[in-house]
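Subject: A structure for you to look at

Hi,

Here is the structure I promised to pass on. Have a look at it first, then read my notes below.

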Amino acid sequence: MQVKNVINKVINGERLSSREGLLLLREADTLEMGALADFVRRRFHPEGIVTFVTDTNPNYTNVCDTECLFCAFWRPEGASDAYTLSIDELIRIMKTAFHNGATTVLLQGGHNPAIKLEYYLELVRRAREEIPELHLHAFSAPEISAIAKYSGLSTREVLEKLWEAGLRTIPGGGAEILSNRVRKKISPLKIDADTWIRIMREAHQVGFKTTATMMFGHLEEDEDIIEHLERIRNLQDETQGFLAFIPWTFKPRNTFLERKVPQEVGGDRYLRVLALSRIYLDNFIHIQGSWFTQGKKMGSISLHFGANDLGGTLYDENVLGCAENRLRATVDELVYIIRSAGFKPAQRDTFYRIIKYF
């Protein structure tokens, strides 16, 4: 099997096997992958529109008993800088973000045994009642699992209660790499890959739309990246519940993994994985480029490697901030990045519906 044969399959609109995806990742020229990913992007988005969302990303607690080795944010209970925000405080943050132009709140936090289900339900209800025009995009699969464990319920029951309270979308965080071999090394106390997929399946069955993410550039191998893409592609075939795929790179500063992975992966690796994601995930409409972890110049380049979305403005983010990643962007900056790359900028909502063209 040769790279040119795989490229011909993509051009003909045929689905790649895991073996063919691995060949592309390992042997294809980077610019060749970019051109191929751009070809696939145009198949999905021929109009040349690139979107973004105005959002904020507060974190309701940094207390976490899962202790992931890649995370600089978590703290043990009782630590001097441990915190848990009250619902009043969170509502205040959301109202401020809304008045500053945010349409979405991406809300995630640590796995804190002291927080029970009612906290989450009241937060969703009050957000819906007090800021109805602000969309709450909240609680990743590992958080759903933790809430269920601390509340003595099944994950399906937790999802159903959150749905009844008014939650409608769930972020794809906590996926990292959906390879149990890797997860045992970087997050041994976190849910395994099969559980992440199961919770996402349950969420889709209840009615939620979700995203899917991948964090790479740590201890994974090429085969693990392919396994991740294969798992989410299979679930998307089954449920059509994923709105978008968001690959981003590991930030090692201040983490327990920093000694093993002292340097971030470079731009070439990021672009290759991004391009492969666009090519391989033939049932995903939206692929997000990451100005947030890669910088704004690389965010611009990502639009020529398969991305059709630049994510959010992220007014308030702490998890990667603890790993000394403090990039921020305004609406004007994102519009400029998109326009300067030769695309048409548009603001979207959480469901990827266009709100405004620029």
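Let's start with a glycine: just after helix α7, G166 takes a positive phi of about 120°. (Helices are DSSP runs of H or I with at least four residues, strands are E runs of at least two, and both are numbered from the N terminus.)

Before going on, keep in mind that this is a predicted model, where local features need pLDDT of at least 70 and side-chain atom pairs count only at pLDDT 80 or more, while totals for chains, interfaces and linings use all residues. Residues are numbered from 1 along each chain as its sequence is written, and side-chain values use heavy atoms, leaving out hydrogens and water.

Now α7 itself, residues 155–165. Its buried residues are T155, V158, L159, L162 and A165. (Buried means under 20% relative accessible area, exposed over 50%, and partly exposed in between, using a 1.4 Å probe and protein chains only.) Why are they on the same side of α7? Because they cover an arc of only 120° around the axis, taken from the directions from the helix axis to the C-beta atoms. An α-helix has 3.6 residues a turn, so residues three or four places apart point the same way. The buried residues of α7 pack against α5 (117–130), α6 (141–151), β5 (169–170) and α9 (193–206), with contact meaning heavy atoms within 4.5 Å.

Next, strand β3 (104–107). Both of its faces are covered: T104 and L106 are buried on one side, V105 and L107 on the other. β3 pairs in the parallel sense with β2 (residues 55–56) over 2 bridges, and T56 stands opposite V105. (Two strands pair if DSSP finds at least two bridges between them.) β3 also pairs in the parallel sense with β4 (residues 135–138), over 4 bridges, and there L107 stands opposite A138.

In the loop between β3 and α5 you'll find another glycine, G110. G110 is buried, with a relative accessible area of 6%. Its C-alpha atom is separated by 5.4 Å from that of V63, 47 residues apart along the chain. Leaving aside residues up to four places away in sequence, G110 touches Y60, T61, V63 and C64.

How many disulfides are there? The count is 0, where a disulfide is a pair of cysteine sulfur atoms within 2.5 Å. For C64, the nearest cysteine sulfur is that of C68, 6.2 Å away. C64 is buried too, at 12% relative accessible area.

Cheers
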